[in-house]
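Here's a quick tour for anyone opening this structure for the first time. Have the sequence and the 3D view side by side as you read.

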Amino acid sequence: TLDAVVKIYATHSDPDFLIPWQKRHQTTSTSSGFVIDVPGLGLRVMTNAHSVEYGSVVQVQRRGDDEKHAAIVEAVGNECDLALLRVDSLFSPQNDDQFQPFAMPIGSLPMLQDDVEVIGYPAGGDSLCVTKGVVSRIEMQEYAQAGARLLAMQIDAAINPGNSGGPVVNDELEVVGVAFQGIDEESIENVGYVVPASVVRHFLEDVRRNNGIYTGFCQLGIEVSFLENKAYRKFLKMDNLDGENKRISGVCVRRVQPSAGAYGILKSMDVVMAVDGIPVGNDGKIPFRRGERVDLGCYISSLFPGDVATATIFRDGKEMEVSIPVSPIKDLVPSHYNNKPPPYLICSGFVFTALSVPYLDAKGAWDDFYTENVSYLLGLVHTPLKQKGDEVVVLAQVLAHEANLGYEHWIDLHLLKFNGVEVKSLGHLNDLISENMRKEEQFMTFEFAPEEGGRLIVMERALSEQATEDVCKEHSIGSHYVLRTDTV
């Protein structure tokens, strides 16, 4: 089993989200991984998504060997922080050395206080390291890689830099999870988080169903209020149902995301009492195992695109059942670009980009107060997506040119309209600008938030094309735009 745990070397070429046509200085990292047998794909190395993020070179080294093998990142699930690597030279049938690839079996979800071992290559040495601990807690947690809430397992064994992607095994040496993050706080000790076996299995099944492509975890796409307050429940007439003295519990729907399968099916003020026969508590939790409860999202995330959930709801004093198709829901403000370069569009020296969590992170938006403009953009992070392909278009900076004098200090502004037309995305803005060029209109106007009293840029169309060419040449920018290809 120990021979199936490998060390991963990665050279990262992260983009500069503030200067999106450039890369940052390359960095290197080491992490852990292990060999598994993926149905339909064969032998692969599993590791964390953050371990190989924007990896220009990824190599795998097995235990006790001096050779590093080139790896290809085949599937990445940022939400669950998992990735699959294909290592042709390591698993080749022509490989006639003594190494026999051993695929580690995936076990079941352990119970609280079960003994586990973390195997990997953490900082502090070069050789394989094994640490022991117990399962301390299993509940929904926010995964740092993409901000998604999924089931996670907390253990008291040390998870240090380099442990990421390593297997967590039980007494039968079955993989019960994948180490992925710790807590970087001095007051907290012996806390490490593990991607549990159930999430690992879902990731692998998703990849198998979609021919090696990861699609994501399903959501209901609703915002709810808990019903722990008696007055709230009485207001909703939940005290009794059809004259029967039985207790009704659930959560109250406050908003349904327009891109969710529940849109048009669930309504505001509906009470979701159960999903597929699983009762929902007033605190939004459902039964999990004996003595354990988890968020409703835990069950929904176990479903796959195309599945239909049957919800028992309480509406206008009556109980009824509705069928809700579930699917992954994309965010208006994405938390990642799936290892692709960030989009941008340059027009007359104005650099527009799509608002994203990495952009705000590069601005230090979650640190101390930055600027009013950044604080406004931060408030858009949880705005629901209305239509696929929509983006929040932001004026990131202005590359000074004589054509844009007077505007050179404008940054971090939310673009609302171009020539009076609402801007849906960078691609839409590019189409509007191209149309303006074809019609040879005299002016180009850019209107920024807020709708009333927002800033306005006015440019002469005839000067735009030359100004764009000049700034791109001055700043060695190969193309004046790069657009996203994963928004539809």
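Let's start at P450, which is found in the loop between strand 27 and strand 28 (456-460); helices (H or I, at least four residues) and strands (E, at least two) are DSSP runs, numbered from the N terminus. A cis peptide bond, with omega at about 0°, joins P450 to A449.

Bear in mind that this is a predicted model, where local features need pLDDT of at least 70, side-chain atom pairs count only at pLDDT 80 or more, and totals for chains, interfaces and linings use all residues. Residues are numbered from 1 along each chain as its sequence is written, and side-chain values use heavy atoms, with hydrogens and water left out.

- Most residues other than glycine have a negative phi, and most peptide bonds are trans.
- N419 has a positive phi, near 50°, without being a glycine.
- You'll find N419 in the loop between strand 25 and strand 26 (421-422), and it is partly exposed at 26% relative accessible area (buried means under 20%, exposed over 50%, partly exposed in between, with a 1.4 Å probe and protein chains only).
- E440 isn't a glycine either, yet its phi is positive at about 55°.
- E440 sits in the loop between helix 7 and strand 27 and counts as exposed, at 58% relative accessibility.

**Aromatic rings**

- A search of the whole structure turns up 10 aromatic pairs (rings of Phe, Tyr and Trp, the last by its six-membered ring, pair if their centres lie within 6.5 Å; planes under 30 degrees apart count as stacked, over 60 as edge-to-face and the rest as tilted).
- Y143 and F180 make a stacked pair, 4.5 Å centre to centre with 25° between the planes.
- Y143 lies in the loop between strand 9 (129-142) and strand 10 (149-155) and F180 in strand 12 (residues 175-182), so their pairing ties together parts 37 residues apart in sequence.
- Y143 is buried at 0% relative accessible area, and F180 is buried at 3%.
- F352 and F446 are stacked too, at 5.5 Å centre to centre and 25° between the planes.
- Since F352 belongs to strand 23 (residues 350-354) and F446 to strand 27 (residues 443-448), this pair links parts 94 residues apart in sequence.

**Charges over rings**

- R455 lies over the face of W410, 5.0 Å from the ring centre (this takes NZ of Lys or CZ of Arg within 6 Å of the ring centre and within 35 degrees of the ring normal).
- K68 lies over the face of Y9, at 3.9 Å from the ring centre.

**Helix 7 and H428**

- H428 lies in helix 7 (residues 426-439) and counts as partly exposed, at 23% relative accessibility.
- Leaving aside neighbours within four places in sequence, H428 is in contact with V421, E422 and V423 (contact means heavy atoms within 4.5 Å).
- H428 and G165 are 263 residues apart in sequence and, C-alpha to C-alpha, 39 Å apart in space.
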